[in-house]
Amino acid sequence: MSTDTEPSAFQQRIAGEWVGRPSLFDAEGQWLGFEDIRRSSVFENGETTYFMDGGLTGGGKLAGRFALGAPFAFGVLDSDGDRIYTGPDFYGSGQPYGGFVDAHYYGPGWQVSLNTWNQTLDDTQVYSSVLYQGPAVIGVFNGVYTRVPELVEDRIATETRCGAVTFTVPTKDESRFAGDLELWTGEQVNIGKTRMTLTIDPLGLLTAEHHLTLSGTVESDSRITLLDSRTTVRRDGARSFHEGPDVWGNGQAYGRAHFVRLHQTDGRRLVGREFMLDAEPGMGSGSRLAVVYQLFDHNRLAVVMHGVLERE
């Protein structure tokens with residue numbers, strides 16, 4: 001559905017068949033089941049088509065709504081700017097920021113609006129789709145995909161074992177997560193990288209002080225300077241609460257993915273997803289965080305940041 005003879009840079013980045021077993025959660029973060037999926041986006045003769053085939057295992061109260069009666073297929077106007085989804089199975093658009101795409105669209109078969117965050121890390125994709133009925137969240141799909149055929153069996157086994165694990169961070173010892181994040185403006189222009197550090201100092205089993213800092217080239221950009229904040233974070237099951245002094249807000253975990261909406265006292269706000277890549281069942285918390293943050297400057301999207309933080 002494009003007149004271009006070559007696919008966009010983003011289309012080339014996501015080429016191939018991606019296989020995963022994302023989990024389905026209800027609005028409160030309760031695990032409901034798995035969705036076995038093979039999906040691909042194929043550029044051929046100047047046209048791009050997305051394909052998705054699979055089925056739902058379990059699903060609880062949402063099983064009927066998200067059952068696949070037939071494989072999905074829909075056209076895409078391929079672009080590194082706005083990727084337009086032209087139906088018939090999904091209508092909407094997505095905006096790539098390097099290896100991360102933020103997509104908003106509607107699925108007539110599922111009768112839901114979706115906000116999909118898909119972060120591509122080489123041959124791995126960290127995927128979430130938040131499902132809406134009007135303004136209300138009714139469910140979330142979360143999971144990790146691979147496009148390496150030799151790794152498919154292991155990926156499915158890992159998702160089966162770890163899909164229902166709830167996001168947590170270390171609760172007894174001070175920990176520090178750090179890594180380099182890509183920076184993109186709201187206009188989808190790459191402006192370099194920044195070093196992000198998240199230090200977590202437990203105050204109790206359910207409460208900790210979080211210290212978040214950025215350093216590097218970002219300091220020269222007025223939209224995101226002085227992002228050096230402390231906040232007390234309290235966890236209540238799958239919910240979290242950020243209770244000042246520099247940041248206020250809350251979060252909700254759906255399995256290994258933790259979605260936050262945070263407000264700084266200077267009027268800026270952060271919308272993000274923190275996905276614990278190596279979380280396992282048991283009493284550990286994992287050591288690799290795939291993060292995506294959208295920083296808004298007084299309700300205007302200023303910067304999109306994404307990358308992986310490693311526990312030091």
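## Close-up views of charged and aromatic contacts

**View 1. Arg155 and Glu159 share helix H2 (residues 152-162), sitting 4 residues apart, about one turn of the helix.** Helices here are DSSP runs of H or I with at least four residues, strands are runs of E with at least two, and both are numbered from the N terminus. The two side chains form a salt bridge, with 2.8 Å between the closest N and O atoms; the term stands for a side-chain nitrogen of Lys or Arg within 4 Å of a carboxyl oxygen of Asp or Glu. Arg155 and Glu159 are both buried (buried is under 20% relative accessible area, exposed over 50%, partly exposed in between, with a 1.4 Å probe and protein chains only). A word on the model: it is predicted, so local features need pLDDT of at least 70 and side-chain atom pairs pLDDT 80 or more, while totals for chains, interfaces and linings use all residues. Residues are numbered from 1 along each chain as its sequence is written, and side-chain values use heavy atoms, leaving out hydrogens and water.

**View 2. Lys61 meets Asp26 in a salt bridge of 3.6 Å, N to O.** Lys61 belongs to the loop between strand S4 (47-58) and strand S5 (72-77), and Asp26 to strand S2 (residues 23-26), so their contact ties together parts 35 residues apart in sequence. Lys61 is exposed at 62% relative accessibility, whereas Asp26 is buried at 4%.

**View 3. Tyr50 and Tyr85 form a tilted aromatic pair, 6.2 Å centre to centre with 55° between the planes.** Rings of Phe, Tyr and Trp (its six-membered ring) pair when their centres lie within 6.5 Å; planes under 30 degrees apart are stacked, over 60 edge-to-face, and the rest tilted. Tyr50 in strand S4 and Tyr85 in strand S6 (residues 83-88) are 35 residues apart, and their pair links distant parts of the chain. Both Tyr50 and Tyr85 are buried.

**View 4. Phe72 and Trp110 make an edge-to-face pair, at 5.4 Å centre to centre and 70° between the planes.** This pair also joins distant parts of the chain: Phe72 is in strand S5, and Trp110 is 38 residues away in the loop between strand S8 (100-107) and strand S9 (112-121). Phe72 is buried at 9% relative accessible area, and Trp110 is buried at 2%. Ring pairs link a cluster that includes Tyr50, Phe72, Tyr85 and Trp110.
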